[in-house]
Amino acid sequence: MLPSLIIIPPKWEELSKGEEKRQKCRILLIPDTAAKLLQFYEAESVVSYGLSEKSTITPSSISDSETVISVQRELPTIDGELLERQEIALKRPSNLPIEKFLALVGVLLITGVKPEKLGEFF
């Protein structure tokens with residue numbers, strides 16, 4: 001059975017060693033800095049996260065009290081729905097690096113958590 005989601009963490013460098021066979025999945029969540037890992041995966045949809053303006057999930061503004069997340073393209077969910085482009089204002093824990101925060105938001109959205117419910121997790 002094809003996995004619904006494979007998540008590549010922000011500290012992905014050690015994952016690029018020793019892969020021989022391409023892993024298949026429906027959705028691949030990958031840092032925008034890990035493009036070279038795409039050779040090891042075959043996905044129906046690739047969702048990138050990071051600080052690049054080309055990422056699917058990126059911050060549009062960061063302040064002490066709030067981080068606004070921009071979903072820049074339609075985002076597939078594991079339930080087969082498409083989440084529309086939008087901006088979501090969230091309070092990011094001060095001890096959580098932005099890359100990990102973006103990855104967590106991506107996982108929550110892809111697994112079906114509604115944008116208006118994200119605040120309950122942070």
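The following legends describe close-up views of a predicted model.

**View 1. The largest nonpolar core of the predicted model.** This core comprises 22 residues. Within it, L75, L109 and L118 make the most contacts. At least two core residues come from each of strand 2 (23–31), strand 3 (41–49), strand 5 (67–71), strand 8 (86–90) and helix 1 (98–110). The greatest contribution is that of helix 1, which supplies eight residues.

**View 2. The surroundings of L109.** L109 is one of the residues with the most contacts inside the largest nonpolar core. When neighbours within four places in sequence are set aside, L109 is in contact with V71, L75, T77, L83, I88, P115 and L118. Two of these partners, L75 and L118, are themselves named with L109 as having the most contacts inside the core.

**View 3. The salt bridge between R22 and E42.** Three salt bridges are found in a search of the whole structure, and the side chains of R22 and E42 form one with an N to O distance of 4.0 Å. This pair links distant parts of the chain, the two residues being 20 residues apart. R22 lies in the loop between strand 1 (5–7) and strand 2, whereas E42 belongs to strand 3. R22 counts as partly exposed because its relative accessibility is 42%. E42, at 39% relative accessibility, is likewise classed as partly exposed.

**View 4. The salt bridge between K114 and E81.** The side chains of K114 and E81 meet at 3.5 Å, N to O.

**View 5. The salt bridge between E120 and K117.** In this pair, the closest N and O atoms of E120 and K117 are 3.7 Å apart. E120 has a relative accessibility of 61% and therefore counts as exposed, the limit being over 50%. K117, by contrast, has a relative accessible area of 41% and is partly exposed. Side chains of opposite charge can pair when their charged atoms come close.

Key
Residues numbered from 1 in each chain as written. Predicted model: local features only at pLDDT ≥ 70, side-chain atom pairs only at ≥ 80, totals over all residues. Heavy atoms only, no water. Core = buried A, V, L, I, M, F, W, Y, C linked by side-chain atoms within 4.5 Å. Buried < 20%, exposed > 50% of the residue type's maximum accessible area, 1.4 Å probe, protein only. Helix = DSSP H or I, 4+ residues; strand = E, 2+ residues; numbered from the N terminus. Contact = heavy atoms within 4.5 Å.
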